Amino acid sequence: MEERWDFDIMVCKKSFVLWPLSFLLLFFFVFLSSPLAIFAVSLNNDSANVGGEVEIGLDPQDGAALLLFKSQLLEQSQSLSGWDGAVGCNWHGVTCSNQTGRVIALNLTGLDLLGQVHPCLCNLTFLETLSLSHNSFNDSVPFCFGGLSRLKNLDLSYNRFSGVVPSALMELHNLVQLDLSHNMLMGTIPFWIGNFSVKLEKLSLSFNNFNGEIPKSLFNSVALRYLDLSHNYLVGSVGDFRQALGHINLEANLLSGTLPCFSASSASLSVLNLANNSIMGGLPTCISALRGLTELNLSFNVLTYGISPRFVFSEKLVVLDLSFNELSGRLPSKIVEASEKSRLLLLDLSHNHFSGNIPVTITELKSLQALYLSNNLLSGEIPSRIGNLTYLQVIDFSHNILSGSIPLNIVGCFQLLALVLNNNNLSGEIQPELDALDSLKILDISGNQVSGEIPLTLAGCKSLEVVDFSYNDLSGYLNDAITKWSNLRFLSLARNKFSGALPSWLFTFAAIRTMDLSGNKFSGYIVDGNFNVSENFISVGAGRTTTTISSVTSPKLDIKYSVIVAGKTELSFNYNLSTAVGLDLSDNQLHGQIPASLFGLQGLEYLNLSHNFLDGQVSENVGMMLSLRVLDLSHNSLAGQIPDNISNLGNLTLLNLSYNFFSGIVPKEQTHWRFSGAFAGNPYLCVRFSDDGCTRGSLPEVPGKTFEREMDEGPISVWIFCVSALVSFYSGLVALFCSTRTRNYILQTKI
């Protein structure tokens, strides 16, 4: 009996030990059947043994957080599809520690991710770099980001974050770079932004809706080297920073006051951009004492007075833009200390009140690629040595009082893309040697006193896209040189003395948008040729998104170039052509019928054939011109009935059929009453404005007053009769009226 008892005890003991063992086996079986367990085990089993070294897999907790973050995105990019696999440390954008398997960097830049940032991302407590830029994340910046105490780089730029900057971010004491630019953040910039991290080197809050003054803490942030607060609504004065900054961009705010000297940054400051503010006063000479300066942009401010002769920069300067101010006096004769070593690429002193001659010393800046002196009071001749600037790609001397002829030496600028000399007092003839400028895309000499004929040799300028010779004393016939400009988009020969018949090739330019031959002595018939060559002429709404008369779209001319300076600076130039799609043959000596095919161009926005000797009837095809906003056939000898379908042109804003011989009845249902004076001077025409009867076309109230003079007094006519090429360098500016030229350069600094 005793032995059996002992046996039973032994069996009991064995059962007591085996029962929990069985339970554990069952638990592990159930656990391993779950997706999270399979994910965790597979990650740990994925440790590779290569060369005897074991690679730690992604930490299960971090992996689970990443998967939960991905699952909450409203639109998931295909770039994250690989996150469903097992090898987490090889997931796109994920970087792990080789020692711990914890995620230390997450870079999801430009993956088209949409939605809110799930708080689970804050479980990645070992993160040192977090970049979610160039996506569409919205809502507020997560408050829990303040718990990522190891963060060194936080980049949330180019998203749709709104609200204020969460105060929790002041806990990120190790942060080196903070970029919240290009969002919809608002409120004042936090007072602690300059002292929450003694390691902060880069701060970018640009392109938001911040208001108030620049926090005082930023003026004393010891480690700060890069500061970008541009494109906000900041007020107050600029202030003088007490640390050695390398990059300051406060462009496009509401800052005022005068310019400080930035003395603490005299050796370090490379980029200073204070454009588009309300800074006033003179240019202190201490600015030129910034010996490391490569880019200085003070444009669009209220700077006054002259420039001191001591305002001279080091040869490191690449960009100098003082445009759109109220600076006066003579242009500086010396801009950099050593002209022969100058790196200056862009010099923009336009839209000021500078007077006197263009200094010859400017032609010693051999690296210049863009030179803007337009809209000043400059006189004298263009320097004959301008051709020494062999790298020049843009010359804009327009809207001055320059005289003399275009110097022949200018052909030395053989890389020239744009030559803009309009609205001066230039004379002489167009030199045949200009054909050497075979890269030229824009040639504008309008509003001068240039005479003679268009040289046949200009056929060599095959790259031309914009040609404006209007308002000069040019004469002769249209020669075949023009046919070689196959890329032509804009041609204006208006208000000259050209004569002869319109050539048959006139409408053969495939890219043409605007052709203005008004105010000449062209005779003969309008050639009944192929008007359907240009896509702009035949397609409704081609390149246009608006139908209001005050808005003219700006298709890009794609004339641009970029230069890398010291591996950091990319300088690019863009040109815009802002004109309506139209044809103007007014004020000539044309006769005969208007070709019916001309009235079938559905893309034309304006058509002006007034002040000629045209006869016959207006084709019913006019009703097909769906884009037409302006139609002027006045002061001709047109007869017959006015086509009923003109009233169907919903975009028509101005109609002028006055001083012809139209007959018949215009019923009130055609809504022609919208166009006051449109039928005056048609004695055989009955215009029915009510059920009471007709109103005959009448003569003007003031004898001898022509419709042309009436048009000159109205704001709309300015848009109609003055269509010009616009050279634009500031993307976003759209010309609303004619004879306005704007330009911009886009300057990006890569760090």
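The model is predicted: local features need pLDDT of at least 70, side-chain atom pairs count only at pLDDT 80 or more, and totals for chains, interfaces and linings use all residues. Residues are numbered from 1 along each chain as its sequence is written, and side-chain values use heavy atoms, with hydrogens and water left out.

**Stop 1**

Select Ile56, in the loop between β2 (53-54) and α3 (60-71). Helices (H or I, at least four residues) and strands (E, at least two) are DSSP runs, numbered from the N terminus. Ile56 has a relative accessible area of 32% and is therefore partly exposed. Buried means under 20% relative accessible area, exposed over 50%, and partly exposed in between (1.4 Å probe, protein chains only).

**Stop 2: salt bridges**

The structure holds 7 salt bridges, a salt bridge being a side-chain nitrogen of Lys or Arg within 4 Å of a carboxyl oxygen of Asp or Glu. Select Arg102 and Asp62, whose closest N and O atoms are 3.0 Å apart in a salt bridge. The pair links distant parts of the chain, 40 residues apart: Arg102 is in the loop between β3 (94-96) and β4 (103-107), and Asp62 is in helix α3. Both Arg102 and Asp62 are buried.

Next, select Glu465 and Lys441, which form a salt bridge at 3.4 Å, N to O. Glu465 lies in the loop between β30 (451-452) and β31 (466-468), and Lys441 in the loop between β28 (418-420) and β29 (442-444), so this pair ties together parts that are 24 residues apart in sequence. Glu465 counts as buried, at 7% relative accessibility.

Then select Asp587 and Arg495, joined by a salt bridge at 2.8 Å, N to O. Here too distant parts of the chain are linked: Asp587 is in the loop between β39 (582-584) and β40, Arg495 is in the loop between β33 (490-492) and β34 (497-501), and they are 92 residues apart. Asp587 is partly exposed, with a relative accessible area of 26%, and Arg495 is partly exposed at 27%.

**Stop 3**

Show the strands of the open sheet with the order β9-β11-β13-β15, which has 4 strands and parallel pairing. Two strands pair if DSSP finds at least two bridges between them. β9 (162-163) and β15 (233-235) stand at the edges with a single partner strand each, so one side of each is left without a neighbour in the sheet. Strand β13 (residues 209-213) runs parallel to β15 and is joined to it by 3 bridges. Select Gly212 to find Leu234 of β15 opposite.

**Stop 4: a nonpolar patch**

Select Tyr233, Val235 and Leu254, which make a nonpolar surface patch of about 280 Å². Patches are made of residues with over 30% relative accessible area and no salt bridge, where like charges are joined within 9 Å and nonpolar side chains (Val, Leu, Ile, Met, Phe, Trp, Tyr) within 5 Å. Accessible areas come from the Shrake-Rupley method with a 1.4 Å probe; for residues, only the protein chains shown count as cover. Leu254 is found in the loop between β16 (247-249) and β17 (271-273) and is partly exposed, with a relative accessible area of 48%.

**Stop 5: the sheet from β18 to β26**

Move to the open sheet of 5 strands, ordered β18-β20-β22-β24-β26 with parallel pairing. At its edges stand β18 (280-281) and β26 (377-378), each with a single partner strand, so one side of each has no neighbour in the sheet. Strand β24 (residues 353-356) pairs with β26 in the parallel sense over 2 bridges. Select Ser355; opposite, in β26, is Leu377.

**Stop 6: strand β42**

Select β42 (residues 613-616), where Leu614 and Gly616 form the covered face and Phe613 and Asp615 the uncovered one. In a regular strand the side chains alternate between the two faces of the sheet. Strand β40 (residues 589-593) pairs with β42 in the parallel sense over 3 bridges, and Gln593 has Asp615 in β42 as its bridge partner. Strand β44 (residues 637-640) runs parallel to β42 and is joined to it by 2 bridges; the bridge partner of Gly616 in β44 is Leu638.
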